[in-house]
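Hello,

Here is the structure we talked about handing over. Please open it first, then read the notes below.

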Amino acid sequence: MNRIARKFGFIALGATLTATTAMTSAHAQDETIKVGILHSLSGTMAISETTLKDAMLMLIEQQNEKGGLLGKKLEAVVVDPASDWPLFAEKARQLIEQDKVAAVFGCWTSVSRKSVLPVFAELNNILFYPVQYEGEESEKNVFYTGAAPNQQAIPAVDYLMEEEGVERWVLEGTDYVYPRTTNKILEQYLLDKGVAPEDIIVNYTPFGFSDWQTEVARIKEFGSAGKKTAVVSTVNGDANVPFYKELANQGIKAEDIPVVAFSVGEEELAGIDTGPLVGHLAAWNYFQSVENEDNAKFIEQWHAFTGDEDRVTNDPMEAHYIGFNMWVKAVEKAGTTDPEAVIAALPGTEVPNLTGGTSTMLPNHHITKPVLIGEIQEDGQFEVVSETEELVPGDAWSDFLPESKKLKADWVDLKCGNYDTEAEKCLGETAMAEPAEEEATSN
Amino acid sequence: MVFIRTIIAIFLLVFTALLALPAGAQEDDSALRQAISGLGAEKGYSKLRQAIDVVVETGDPRGARVLDALAEGDVYRREGDGAVFIVSGRGKERNLIDPVTSEQVGTIAKSELKKVRVNNSVRRTVRDAIGALTLGAKDPDIRLSAVRTMIDNPDPDSLDVIATALEREGDDDVRTALEQARAAAILLSDAAVPDKVAAIETIREMGGQEALSLLVRARNAAGAEMRDATEAAIASVQKRLQYWSLGQNVWYGLSLGSVLLLAAIGLAITFGVMGVINMAHGEMVMLGAYTTFMVQEIMRTSFPGMLDWSLPIALPLAFLVAGSVGFAMERGVIRLLYGRPLETLLATWGISLILQQTVRTIFGPTNREVSNPSYMSGAFQLGELSITWNRLWIVVFALVVFAVLLYAMNRTSLGLKMRAVTQNRRMAAAMGIRTPWVDALTFALGSGIAGIAGVALSQIDNVSPNLGQGYIIDSFMVVVFGGVGNLWGTLIGAFSLGIANKFLEPFAGAVLGKILVLVFIILFIQKRPRGLFALKGRAVEA
């Protein structure tokens with residue numbers, strides 16, 4: 001018995017070895033299906049995106065261990081767009097035209113996504129985008145596995161209002177398209193909820209901002225008006241560490257002025273002394289601390305794959321996990337990797353997520369997800385303090401902005417990403433492209 | 001660090017608990033024990049808050065210790081029997097501490113424990129509860145902090161408690177605080193108008209952000225007869241705060257200026273004195289920060305007791321690391337490109353990318369944690385100004401570095417040679433100075449100083465491969481504005497840009513503020529192309 005088990009183990013090991021060699025082999029054979037990975041491995045965004053590349057390699061390796069897809073092995077094609085937005089478009093073109101990939105998993109910032117959109121539309125391929133974003137978009141070729149604003153920002157604000165009794169709001173963000181759009185939606189939402197305009201301040205700081213003294217002092221002052229105050233932070237990337245350090249140094253405790261962040265996850269906390277941050281909040285659709293079997297297995301596999309017990313998992317990784325499994329399922333259903341057939345097969349696909357539920361791909365190319373609010377713990381993990389009872393369907397066009405309220409995305413029946421329900425017609429590309437261009441250049 | 005703080009807090013609480021232990025405490029144990037066991041029994045945060053109130057009602061100061069541990073997340077429930085313990089230690093085996101007697105009662109596997117979860121609202125309840133429990137503590141500092149929480153969260157129901165405490169109180173500071181707490185509570189109660197007017201006066205004298213917050217709350221709650229008095233008090237407090245906010249802006253400006261000075265001072269030598277457009281300057285700063293990280297890691301694993309010393313130890317090492325990289329750069333690349341500024345710019349830009357990617361490959365792309373030593377954490381109050389220790393130390397440090405560098409340039413033989421070479425290379429060579437070596441040493445000095453700046457910046461910024469990029473533009477800005485080739489210009493330039501930035505920020509916002517400063521510099525350079533303090537004489541034309 002023992003010997004058989006050992007033998008079996010050897011076979012499994014052999015299979016893994018062949019899988020890895022097949023993946024890295026330069027002489028790709030015809031029977032592999034190629035999957036593109038478009039994440040920055042150098043430059044400013046490498047801090048976040050490198051992990052996602054590793055996660056994708058792990059998922060592909062696991063799929064190959066299970067026997068591949070449609071009887072063929074999967075082959076990862078990794079390119080490095082180097083945090084350079086125009087380079088994203090070039091690399092995307094290279095992946096599709098030269099490497100002939102069946103689908104691409106990639107991008108992090110909204111600018112990089114906006115920059116590759118025309119390429120995917122022109123060459124009709126598939127992009128899985130794993131990061132929470134500002135919404136106001138639905139493209140035929142893009143599947144958004146991260147959260148739309150109604151799956152992250154709005155529930156977080158609701159939590160603060162109901163559980164913490166917050167009446168005054170500081171919307172603090174980095175100056176680019178995601179925070180600006182999210183804050184526009186949030187501000188409108190708060191005003192609709194009866195918050196007085198003088199109880200909201202919106203403030204923006206540049207990328208990589210490090211001198212937070214004035215901003216934090218302002219928050220402190222704003223918070224001393226006798227009403228419970230909270231900060232909604234869309235501060236992105238590197239600027240977070242000095243921000244939280246300054247909060248701690250100026251003695252702002254989570255009990256007094258909680259900060260709820262939309263861009264701070266386990267990965268970002270790994271670079272901070274989290275002691276002074278205990279109690280500040282983050283809203284995501286997944287936390288590493290969520291307890292269930294699928295997640296425990298995923299974390300174990302991740303540690304085994306990276307060979308590092310301290311590596312954390314985070315929300316965008318889960319989004320790739322869901323997106324990849326959805327793509328596999330859709331390919332199996334369509335019986336081909338032809339993008340057109342897979343795009344048609346994807347809506348309605350259901351796969352288990354890592355928080356114990358089942359996520360579904362919706363006709364608007366967004367997915368259903370639970371919304372979790374977590375408090376930062378001393379060990380850099382989050383403790384879930386609130387969770388939506390049901391999965392929240394992602395809404396491409398926010399209901400809280402007058403200009404997008406009437407729009408609807410449906411790629412199954414209407415075959416349109418921005419259907420105007422009042423005028424009853426599809427606005428098409430022209431209406432979509434305009435704000436996109438403007439935002440892309442602003443960065 | 002938090003761990004240490006917790007230990008100290010627990011120690012103090014235990015200490016007071018022991019002192020406050022009355023003779024007949026033994027029989028009270030069961031009541032406290034029962035109350036504490038309630039902490040582990042209930043599900044949900046509101047139930048937990050009720051259980052906390054039960055502990056408070058026992059009035060036993062030992063309860064404060066359990067509650068403090070609860071807020072820190074150290075209270076666990078044993079899976080088998082639901083008994084509540086304070087748990088210490090890390091790893092798989094944890095120590096069980098009896099919540100009442102504070103004695104260690106054994107060890108247990110982590111898997112058999114279930115943490116009692118807390119959220120912000122529970123922590124708030126705990127904080128108030130600890131205040132109530134420690135109001136009778138022996139140590140005046142603990143009493144004072146208990147009263148401070150009462151001022152922050154005034155409650156008319158606590159007036160009786162405050163009155164009794166006032167009768168007993170001997171310490172002047174605590175008395176004043178208690179009177180302020182009473183005034184704050186009176187404002188929210190339904191006391192008579194004269195009492196409230198007196199209370200407003202007390203709060204007005206207290207001053208500061210807290211007083212403003214209390215007065216605003218009182219105004220919202222008060223009737224028409226109180227409105228004028230409250231408004232007047234608010235106006236008076238606000239006026240005082242305005243003066244202080246002026247001081248605050250100056251301080252923030254100085255602090256930003258010191259960061260700019262640190263970042264730019266190395267460049268003032270490599271670019272200012274030598275004229276090398278060194279785009280890899282920021283990466284020298286980054287190398288310094290990573291050296292600090294390495295030193296701290298080694299301290300953490302090998303000499304945990306000396307963690308606070310990691311910064312002083314990192315300073316010379318950072319100087320050496322960045323200095324030798326600078327030396328190698330000068331000898332290997334820049335030496336060959338003297339007199340060709342454009343090529344130098346491109347070559348150093350390339351080196352900066354190489355250094356960044358090397359660090360990214362070795363240390364990974366994610367941020368590295370460099371913790372603040374205890375003497376650089378927290379803040380102290382100067383009037384209404386809260387000054388954070390790390391910023392204060394950085395201002396001091398920047399000035400010290402500046403002074404040392406100034407001395408080295410003006411009073412040492414190397415400094416003399418440096419100045420001689422930059423002013424007239426051929427003459428200096430004729431006097432027997434080995435100009436190539438002086439060039440290399442000057443560049444190494446500038447790079448080393450940048451490395452030292454990295455040690456300081458690791459305390460306030462991310463330690464990531466991109467650390468340097470954020471400072472390179474600012475550094476050039478400061479050196480050009482201050483006047484190329486003049487250290488004093490760099491000093492004045494850094495501080496004036498810092499202060500200008502901080503005065504603009506509250507009105508214009510961080511993004512526009514920075515743009516305005518840049519526009520100002522462009523205009524200034526048009527008018528005075530050589531910056532604030534231009535070098536005069538023949539040297540300039542050389």
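**Notes on the structure**

Over residues 476-500 of chain B, the chain is 84% helix and 0% strand, with the end C-alpha atoms 17 Å apart. Helices (H or I, at least four residues) and strands (E, at least two) are DSSP runs, numbered from the N terminus. This is a predicted model, in which local features need pLDDT of at least 70 and side-chain atom pairs count only at pLDDT 80 or more, while totals for chains, interfaces and linings use all residues. Residues are numbered from 1 along each chain as its sequence is written, chains are lettered from A and ligands numbered from 1 in the order in which they are written, and side-chain values use heavy atoms, without hydrogens and water.

**Annotated segments, chain B**

UniProt, in an unreviewed entry, lists residues 250-277, 309-329, 341-359, 392-409, 436-456, 476-500 and 507-525 of chain B as "transmembrane region". Its positions are given in the numbering used here, feature names are shortened, and annotations may be inferred rather than shown by experiment. Residues 250-277 of chain B are 86% helix and 0% strand. Their end C-alpha atoms are 32 Å apart.

**Salt bridges**

A salt bridge here is a side-chain nitrogen of Lys or Arg within 4 Å of a carboxyl oxygen of Asp or Glu. The whole structure has 27 of them over all chains.

- A:Arg113 and A:Glu137 pair at 2.9 Å, N to O. A:Arg113 is in helix H4 of chain A and A:Glu137 in the loop between S4 and strand S5 (142-144), so the pair ties together parts 24 residues apart in sequence. Both A:Arg113 and A:Glu137 are buried (under 20% relative accessible area; exposed is over 50%, partly exposed in between; 1.4 Å probe, protein chains only).
- A:Glu164 pairs with B:Arg124, the closest N and O atoms being 3.2 Å apart. A:Glu164 sits in the loop between helix H5 (153-163) and strand S6 (168-174) of chain A, and B:Arg124 in helix H5 (residues 120-134) of chain B, so this pair joins two chains. Both A:Glu164 and B:Arg124 are buried.
- B:Arg340 pairs with B:Glu343, with the closest N and O atoms 3.7 Å apart. B:Arg340 is partly exposed at 38% relative accessibility. B:Glu343 is partly exposed at 35%.
- Salt bridges that share partners join A:Asp211, A:Glu246, B:Arg391, B:Lys502 and B:Glu505 into one network.

**A nonpolar surface patch**

Patches are made of residues with over 30% relative accessible area and no salt bridge; like charges are joined within 9 Å, nonpolar side chains (Val, Leu, Ile, Met, Phe, Trp, Tyr) within 5 Å. Accessible areas come from the Shrake-Rupley method with a 1.4 Å probe, and for residues only the protein chains shown count as cover. The nonpolar patch covers about 770 Å², and its residues include B:Met294, B:Ile298 and B:Trp309. Helices H12 (281-302) and H13 (310-332) of chain B each give two or more residues to this patch. H13(B) gives the most, with three residues. B:Ile298 is in helix H12 of chain B. B:Ile298 is partly exposed, at 46% relative accessible area.

**Backbone points, chain A**

A:Asn124 has a phi near 45°, a positive value in a residue other than glycine. A:Asn124 lies in the loop between helix H4 (110-123) and strand S4 (127-129). A:His365 also is not a glycine and has a positive phi, of about 70°. A:His365 is buried, at 0% relative accessibility.

Best wishes
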